[in-house]
Amino acid sequence: MEKGRAERVKAMINELLKRIERLEYHQKLLIQLVDHAEITFTKLIIQKNLGPLEVEEFHRLCEYLNNKMQEQKAEGFLYFHPLLKEFTEKLNKKLEVRETIIGCLNENLHVDLMEELSKYLDD
């Protein structure tokens with residue numbers, strides 16, 4: 001009886017693995033359908049295989065840095081290159097800084113912060 005149960009579990013696992021592989025394949029096809037000219041943050045989430053917690057962590061990082069930038073502006077700061085350095089250091093390693101900033105700007109996410117950070121990309 002145990003052998004029959006083990007075989008059913010193994011068959012279920014194999015079926016789940018096939019379904020996951022099919023979903024991954026369909027995901028790749030969907031990415032190809034997306035306009036290649038425009039990078040969006042949502043597209044990066046899919047391409048870089050970020051999970052919900054990683055995306056939430058990214059938004060928290062942006063909120064933190066945006067608040068820090070607003071405080072610095074209130075104190076008279078004009079130069080925010082250190083924020084780009086901090087963003088780069090704390091950004092999820094699956095993401096590339098430049099494409100993430102561009103993707104957020106194209107999707108109107110964290111606009112004030114991303115516009116400021118984009119000024120220092122070529123430094």
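Guide: Leaving aside residues up to four places away in sequence, Glu86 touches Tyr64, Leu65 and Lys68, where contact means heavy atoms within 4.5 Å. This is a predicted model, in which local features need pLDDT of at least 70 and side-chain atom pairs count only at pLDDT 80 or more, while totals for chains, interfaces and linings use all residues. Residues are numbered from 1 along each chain as its sequence is written, and side-chain values use heavy atoms, with hydrogens and water left out.

Glu86 sits in helix H4; helices (H or I, at least four residues) and strands (E, at least two) are DSSP runs numbered from the N terminus. With a relative accessible area of 11%, Glu86 is buried. Buried means under 20% relative accessible area, exposed over 50%, and partly exposed in between, with a 1.4 Å probe and protein chains only.

Next comes the packing of the helices. H3 and H4 have their axes 11 Å apart and pack at an angle of about 165°. Axes are lines fitted to C-alpha atoms, for helices over the stretch in contact, and angles run from 0 to 180 degrees between N-to-C directions. The two helices are therefore roughly antiparallel to each other: angles over 145 degrees count as roughly antiparallel, under 35 as roughly parallel, 65 to 115 as roughly perpendicular, and the rest as oblique. The crossing of H3 with H4 is right-handed. A crossing is right-handed if the near helix is turned clockwise from the far one by less than a right angle, and left-handed if anticlockwise.

On the H4 side, the contact is made by Leu83, Glu86, Phe87 and Lys90. On the H3 side, Phe58, Leu61, Cys62, Tyr64, Leu65, Lys68, Met69 and Gln72 take part. These residues divide into eight nonpolar, one polar and three charged. Ala, Val, Leu, Ile, Met, Phe, Trp, Tyr, Cys and Pro count as nonpolar, Asp, Glu, Lys and Arg as charged, and the others, Gly among them, as polar.

Two residues of this contact, Phe58 and Phe87, lead on to the aromatic rings. The structure holds three aromatic pairs. Rings of Phe, Tyr and Trp (its six-membered ring) pair if their centres lie within 6.5 Å; planes under 30 degrees apart count as stacked, over 60 as edge-to-face and the rest as tilted. One of the pairs joins Phe41 and Phe58: the ring centres are 4.4 Å apart and the planes at 20°, so this pair is stacked. Phe41 belongs to helix H2 (residues 41–47) and Phe58 to helix H3 (residues 52–74), and the pair links parts of the chain 17 residues apart. Both Phe41 and Phe58 are buried.

Phe58 also pairs with Phe87. Here the centres are 6.3 Å apart and the planes at 70°, so the pair is edge-to-face. Because Phe58 lies in H3 and Phe87 in helix H4 (residues 81–90), this pair ties together parts 29 residues apart in sequence. Phe87, like Phe58, is buried. Phe41, Phe58 and Phe87 form one aromatic cluster.
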